[in-house]
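Me: Could you walk me through this fold with me, sheet first and then whatever packs around it? I have the coordinates open.

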Amino acid sequence: MGYKVARASEYLAITGGGINDIKLAKKSWVFPWQSCTVFDVSPVNYTFEVQAMSSEKLPFVIPAVFTIGPRVDDPHALLLYAMLMSQHDKHSNHVNELVQGVIEGETRVLVASMTMEEVFKGTKEFKKEVFEKVQLELNQFGLVIYNANVKQLVDVPGHEYFSYLGQKTQMEAANQAKIDVAEAKMKGEVGAKERTGLTIQNAAKIDAESKIISTQRVGEGTKEEIKVKSEVQVFQNEKAALVAQADAALAIQKAALTKSSRVAEVEAAKAVAMREAELQTQVEKMNALTRTEKLKAEFLSKATVEYETKVQEANWELYDKQKKAEAVLYEKQKQAEATKAAADAAFYAKQRDAEGLVAMANAQGTYIKTLLGAVDNNYSAMRDFLMINNGVYQDIAKTNAMAIRDLQPKISVWNQGGGGVDQGMSSGGMKEIAGLYKMLPPVLDTVYEQTGMQPPAWVGTLRGAESTQ
């Protein structure tokens, strides 16, 4: 009898008198007619490398780490663990094999229904599926998965799927980067040329417009100056006329005082005539000034129009030449880009051919290595197998037959005679086999004479070859 206390990560499993099934407690009295077992409920890390095969029959290794322990928050699950697993140490082979068997079995079944691409791209979903299916199997033992970590998939030796896939991705990324750099460089150079051309065009356009506006302003100023001068001249003439009129009036008044009324009348009449003449003179002057201004305005407008026309024609010719030069430059750039693209395509094709030759050489090396391993590194046996498999003996026999036919020799049939053995086989089913074996020695002799190669040991040994050896 004693009072038992479990540690923080332990439980007491008590059975015996007074207890129907199993009693789980952290501390309790244990009587002599009762049995007490202490078991640890802390989780354990299990590391596995599961060898699986996808639906395309491609093998690979799945490294995984599972953190598994008893389900302490469920009394029923904890009771199951105490009944089934508490007698075994959690690090024992029994527990390891149990957990490993459940994980490997469920993982292989799941992987067999998926393609390699689905497993590789859907790692998160794949981990979730494995977690759920393994948890269903562990529930019956009262275990729970605290954490599951599926590491990077690994190739099986001899099946380098992921390695080749990574190399392919790297090559595609490198080629795409080269293409992007070339396109960015092309856009930068073309944009710089376009900006330079636009700057030159806009500068020339602004200069031409400035000259036109300056000329217009000068012409307008000249016209205003002429107009002002004409108005001043008219005013001066009017003032002079007024002065002359005042002088005439004064003279008339003086004459009127000294002369008689008759003379005054004559002088008055003459004064009227003079006044008319003066007014007519002013009218003629005004008409002359008007015609002069009109002619000046016409000649100035004509000269301005001709100047603007010449400027616009010059601008158009300059713009047309610039556009033609830009078209020629753009065509040359496109030709250079096409030549570069063709060179890149040819280089890529050569690179792919080289990779194919390397892969073929590796495959042939693996094939020859496998054949040597199958025949225990017996070079002669491997050579005989390759010659038989590739039809070398048939080709040699055919070549010899054609050569003999062209020589037209006298052919003698080699035969063992009609002994009792042959007579006994003539009527049985071994007659054809006996005939085949009778023809085999001449063929083997011919092969040995032509190539120096002996037949395989399981066929027979030539007498001439034995003496040579």
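Reply: Bear in mind that this is a predicted model. There is an open sheet of three strands, in the order S3-S2-S5, and the pairing is antiparallel.

Me: Which strands stand at the edges there?

Reply: The edges are taken by strand S3 (23-25) and strand S5 (34-40), and because each has a single partner strand, one side of each is left without a neighbour in the sheet. On average, neighbouring strands of this sheet are turned by 25 degrees against each other, direction ignored.

Me: Switching to S7, how many of its residues are buried?

Reply: S7 is mostly covered, with 12 of its 12 residues buried. S7 is joined antiparallel to S6 by 10 bridges, with Val50 standing opposite Ile62 in S7, and S7 also pairs with S8, again in the antiparallel sense, over seven bridges.

Me: OK, the core next. Which residues have the most contacts inside the largest one?

Reply: The largest nonpolar core has 35 residues, and those with the most contacts inside it are Phe39, Ile62, Phe66, Ile68 and Phe126. Elements that give two or more residues to this core include strand S2 (10-16), strand S6 (44-53), strand S7 (59-70), helix H1 (75-84) and strand S8 (143-150), along with H2 and H4. H2 gives the most, with six residues.

Me: What is Ile68 in contact with?

Reply: Leaving aside neighbours within four places in sequence, Ile68 is in contact with Pro43, Val44, Tyr46, Val99, Ile103, Leu138, Leu143, Val144, Ile145 and Tyr146. Two of those, Val99 and Ile103, are among the buried residues of H2, a list that also has Val95, Val102, Glu104, Thr107, Leu110 and Val111.

Me: How far apart are the end C-alpha atoms of H2, and what should the helix span?

Reply: Helix H2 (residues 93-112) has 20 residues, so at 1.5 Å a residue it should span 28 Å, and its end C-alpha atoms are 27 Å apart, which agrees.

Me: What about Gln135, is it buried or exposed?

Reply: Gln135 has a relative accessible area of 10%, so it counts as buried, the cut-off being under 20%. Gln135 sits in helix H4 (residues 123-138) and, apart from neighbours within four places in sequence, is in contact with Arg71, Leu143, Val144 and Ile145.

Me: Last topic, aromatics. How many pairs are there?

Reply: The count comes to five aromatic pairs. One of them is formed by Trp316 and Tyr319, which are tilted, at 6.2 Å centre to centre with 35 degrees between the planes. Both residues lie in helix H6 (residues 261-374), three residues apart, about one turn of the helix. Elsewhere, ring pairs link Tyr11, Phe39 and Tyr81 into a cluster.

Me: Why does Trp316 count as exposed?

Reply: Because its relative accessibility is 54%, and the cut-off for exposed is over 50%. Tyr319, in contrast, is partly exposed, with a relative accessible area of 37%.

Terms used: Residues are numbered from 1 along each chain as its sequence is written. This is a predicted model: local features need pLDDT of at least 70, side-chain atom pairs count only at pLDDT 80 or more; totals for chains, interfaces and linings use all residues. Side-chain values use heavy atoms; hydrogens and water are left out. Helices (H or I, at least four residues) and strands (E, at least two) are DSSP runs, numbered from the N terminus. Buried means under 20% relative accessible area, exposed over 50%, partly exposed in between (1.4 Å probe, protein chains only). Contact means heavy atoms within 4.5 Å. The expected span of a helix is 1.5 Å times one less than its number of residues. A nonpolar core is a set of buried Ala, Val, Leu, Ile, Met, Phe, Trp, Tyr and Cys residues joined through side-chain atoms within 4.5 Å. Two strands pair if DSSP finds at least two bridges between them. Axes are lines fitted to C-alpha atoms, for helices over the stretch in contact, and angles run from 0 to 180 degrees between N-to-C directions. Rings of Phe, Tyr and Trp (its six-membered ring) pair if their centres lie within 6.5 Å; planes under 30 degrees apart count as stacked, over 60 as edge-to-face and the rest as tilted.
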